[in-house]
Amino acid sequence: MIIIDSIPYGVFRDAIKAGRYNDTFKKIFPSTNQMRCNCPGTDTTLTSPISKLLSIPKKKNVENTPIETSEPDDNPKLPEREYYILSQKQLKDNLFPMEEDNENYATLPESDEIDSRMFAIDCEMCLTTKGSELTRISIVDEEHNCIYDELVLPRNRITDYLTPYSGITPKLLEGVVKRLEDVQLDLQNLFTNSSILVGHSLENDLRALKIIHNRIIDTSIIYPLNVPRRKFSLKRLTSELLNESIQVFNSLAIFSNISERKP
């Protein structure tokens, strides 16, 4: 073994030029061709080549090289949005409800045609004696039209309305009779299993709705924070990408989740 950490680079370079390590390098990098290697470093230090390997510039003609695809040539090109739909692994890794784990969850009706329309969905929840339960759901289409906005009365007694975050108050739920089961039926009339649902950390919304759906675009995943097990908050993501402020509260302010979806 050659230990080079403590050898000055100039000495190591001269030794290579003199052919002192030829036999060793031939064993490490067997080749019939003459190789020329510029070792990274200065005249006094030898640095790791790993950073050099990881920063190799792409070839000039790479952009002109066609990308290999498994799609037949005569297939129409998929809409760009299709490439942002989460894979089954991403759904499972991010704790989306899956059929094998949630047999009692509802599903959307099957469709023979692919529906590439996108619908932004957001749910508000309150804490009840049984945990977190749905109290409001809002849906916006691609044209920023609110196509569904319903308050929902939980089956169990509410212990915390989470008003600063949900906008839900006791007065707001007065007279509300719609239940979770009613919402599920409404969504089954609005969507099919090929509709694209868009949201932020949408696994929480689908669990509140008790619905399983696989065609998901989730902004908390497609804009990663690059920190293990952490995601951008919707507030921060909106600020950095759209230069807009949302979820700004004071002691008297209550926001509507619909306002966050206006163009």
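Student: Does D186 count as buried, exposed or partly exposed?

Tutor: A word on the source comes before the answer: this is a predicted model, in which local features need pLDDT of at least 70, side-chain atom pairs count only at pLDDT 80 or more, and totals for chains, interfaces and linings use all residues. Residues are numbered from 1 along each chain as its sequence is written, and side-chain values use heavy atoms, with hydrogens and water left out. Buried means under 20% relative accessible area, exposed means over 50%, and partly exposed lies in between, with a 1.4 Å probe and protein chains only. D186 has a relative accessibility of 23%, so the class for D186 is partly exposed.

Student: Which residue meets the side chain of D186 in a salt bridge?

Tutor: A salt bridge is a side-chain nitrogen of Lys or Arg within 4 Å of a carboxyl oxygen of Asp or Glu. For D186 the distance from N to O is 3.0 Å, and the partner is K178.

Student: How many salt bridges does that rule give?

Tutor: One of them joins E181 and R155, whose closest N and O atoms are 3.3 Å apart. That pair links distant parts of the chain, with E181 in helix 6 (residues 180-190) and R155 in the loop between strand 4 (146-151) and strand 5 (158-160), where helices (H or I, at least four residues) and strands (E, at least two) are DSSP runs, numbered from the N terminus. By this rule the count comes to 9.

Student: Why does R155 count as exposed, and what is the class of E181?

Tutor: R155 is exposed because its relative accessible area is 55%. For E181 the relative accessible area is 37%, and therefore E181 is partly exposed.

Student: How far apart are the closest N and O atoms in the salt bridge of R215 with E82?

Tutor: Both R215 and E82 are buried. The closest N and O atoms of their salt bridge lie at a distance of 2.8 Å.

Student: What percentage of the residues of the protein count as buried?

Tutor: The secondary structure of the protein comes to 9 helices and 8 strands. Of its 263 residues, the share that counts as buried is 32%.
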